[in-house]
Amino acid sequence: MCGIVGYTGDELAKDILINGLKRLEYRGYDSAGVALEDATGGVTRIDVIRRVGKVAGLESELAGVDAAATCGIGHTRWATHGRPSMANAHPHTSCDGRIAIVHNGIIENFAELREELAQRGHTFTSDTDTEVFAHLIEEAYYGCATGPVAGAAAGAAADMASGQATSAPAAPGCHDLMAAVREACTRVVGAYGLAAVCADEPGVIAVARKDSPIVIGRGARGSYVASDVIALIDATRDVVVLEDGQFARLAPEGITYTDAEGAPIEPTVTHIDWDIDMAEKGGYPDFMLKEICEQPRVVRDTLVGRMTGGELSIDELGLSLEELNLIDRVYVIACGTSYHAGLIAKNLIEMWARIPCEVEAASEFRYRNPIITPSTLVVAVSQSGETADTLAAIRDARIKGAKVFGITNVVGSPVARESDGVIYTKANKEIAVASTKSFIGQVVSLTLLALLLAQVKYRLTVGQVRMLFRELGDTAEQIQWILDTQKDAIHEAALACKDARSALFVGRGMGAAIANEGALKLKEISYLHAEAYAAGEMKHGPIALIDPGFPVIAIATKSPVYDKTVSNLKECEARGAKIVVVATEGDEDIAQIADHVIYIPPVRDTFSAITATVPLQLLAREVALMRGCDVDQPRNLAKSVTVE
């Protein structure tokens with residue numbers, strides 16, 4: 001969560017920072033700010049400009065600022081420690097304002113550090129955990145509590161007044177920003193992506209990374225840093241994804257990389273082959289609709305090259321066929337939307353490969369001591385590839401000896417780097433906070449994995465795998481049919497839901513898994529409370545919610561449990577529910593009990609999750625727009641969850 005951008009070179013920094021922050025705003029939009037080096041009068045100082053709200057407010061403020069700075073850092077925030085406010089917005093500064101930092105992540109020991117620093121004379125102006133970093137860097141740089149003027153006496157006086165000795169006495173000071181950042185990082189427990197500037201080292205940006213993404217690039221006019229490559233794509237396609245424990249010093253003339261001891265390192269350069277047009281709306285009214293409409297392409301791109309010589313092939317798996325054949329248990333670990341993709345995968349893996357499969361919320365997996373052996377496969381699913389809970393679960397699983405396979409949308413992301421193998425979902429950049437095309441990419445990728453396991457276990461014949469692969473590819477055209485033909489039906493169904501206070505999503509079999517994702521989308525972007533239940537569970541409690549007009553959204557496609565689902569819907573009809581059904585094209589009978597029917601093309605039940613999810617995405621968006629909500633940037637949410 002949160003977005004970082006920094007630039008040093010020979011161009012105006014404020015314009016580059018604002019453009020970068022606009023592209024990163026999907027990562028957080030509670031507040032935004034920049035720190036710019038001002039060398040007016042021959043003396044460099046750091047000017048910090050911050051605003052609560054979206055980047056547009058900061059842009060308006062900066063429009064009236066005559067800033068000639070060619071070096072600066074910026075940040076757009078998703079609040080963790082401290083409510084959204086001017087005081088809590090980044091960048092944060094040292095006591096004398098000569099050092100400024102921006103930070104993503106969580107400092108777990110910030111309370112202890114803050115108390116220590118306050119005892120040594122530091123003054124805090126925010127409620128954030130981040131601010132301790134600014135003061136730690138200040139002490140390491142100047143060797144005192146309050147900058148180069150006050151001297152070390154301030155810290156000693158604070159110690160005497162409190163009657164306590166400091167746990168980390170002031171050192172002489174290194175007067176080297178990169179060294180000071182490295183020193184500060186040794187004091188911090190937690191996750192950080194960090195960029196710092198100092199008025200005493202004009203043009204230098206010091207960068208550090210641990211468990212929070214940082215990418216760095218060198219362009220024709222300077223050096224760049226960001227928390228996402230999307231902010232750098234105009235300047236360069238060749239970027240360095242900083243690894244944990246690595247540091248970088250950016251200057252107008254170039255970039256140097258070091259390890260935690262300060263020794264030079266040679267980083268790996270990654271080439272980005274997608275275009276910035278992928279991150280623009282392309283004529284659509286919002287990113288969410290654009291990304292929903294890109295889903296047929298996502299299906300096709302994810303399947304390209306997966307059938308070679310008549311057999312399914314996933315070379316990136318990182319496991320031999322012999323190792324795959326030994327797998328006797330699968331865990332899918334994920335969060336949010338990715339968790340729902342896992343629920344679908346469980347059905348497919350157990351049905352086709354006949355391997356026990358459990359789906360675990362990543363935030364719980366690491367704390368419950370799951371049964372893991374060397375023949376266990378842990379599949380980590382994360383859109384961003386940087387989800388903190390999922391990363392922690394991966395590391396725990398590897399320690400216990402499991403094989404780990406990642407499914408993510410981001411090349412070079414932490415999940416990709418820390419897994420034995422990876423499938424990239426080929427969704428390209430997804431900007432809207434509520435995941436749509438990434439979810440479809442995940443479901444397709446997990447379906448491929450299920451087919452591969454069935455193939456190596458000889459549970460399915462080669463002919464069966466080929467047939468299923470072809471039908472999986474057909475879902476691209478089926479999604480397009482839904483997009484082309486069901487707009488009016490979805491609009492009418494949304495009108496029936498927009499004024500409700502709550503809604504219930506139901507389904508059976510594969511439909512139950514789909515219902516979970518439908519309910520999440522509706523509450524994410526419309527703020528209408530929604531729950532999902534297996535339809536057979538209605539009479540065990542949820543039916544008490546239903547009164548006349550209560551919306552029930554059902555997945556009732558033609559499947560082995562179709563008749564059972566219809567029976568459950570009749571229970572809702574008898575109590576006056578307003579029933580919206582996602583049904584199979586040609587099913588006229590369902591209209592006898594449904595108030596609104598949204599059709600999808602006939603499809604094998606195992607692939608219905610791919611097609612039936614699309615109208616639920618569109619329904620959620622339509623309801624949200626009718627309720628006046630921002631479908632791209634829903635409140636309190638961020639695209640990438642890099643904190644636990």
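## What covers helix α17

In this predicted model, the buried residues of α17 are covered by elements that include β24 (551-556), β25 (578-584), β26 (596-600) and α20 (608-626), where contact means heavy atoms within 4.5 Å. Helices (H or I, at least four residues) and strands (E, at least two) are DSSP runs, numbered from the N terminus.

Helix α17 spans residues 487-497, and its buried residues are Ile490, Ala493, Ala494 and Cys497; buried means under 20% relative accessible area, exposed over 50%, and partly exposed in between (1.4 Å probe, protein chains only). Seen down the axis of α17, these buried residues fall within an arc of 105°, so they line one face of the helix, the arc being that of the directions from the helix axis to the C-beta atoms.

## Backbone geometry in loops

Most residues other than glycine have a negative phi, and most peptide bonds are trans. Tyr458, although not a glycine, has a positive phi of about 60°; Tyr458 lies in the loop between α15 (437-456) and α16 (462-485), and is exposed, with a relative accessible area of 72%.

Tyr527 likewise has a positive phi, near 60°, and its place is in the loop between α18 (510-526) and β23 (529-534), where Tyr527 is partly exposed, with a relative accessible area of 26%. A cis peptide bond, with omega about 0°, joins His90 and Pro91, and Pro91 lies in the loop between β4 (71-77) and β5 (92-93).

## Basis of the values

Residues are numbered from 1 along each chain as its sequence is written, and side-chain values use heavy atoms, with hydrogens and water left out. Local features need pLDDT of at least 70 and side-chain atom pairs count only at pLDDT 80 or more, whereas totals for chains, interfaces and linings use all residues.
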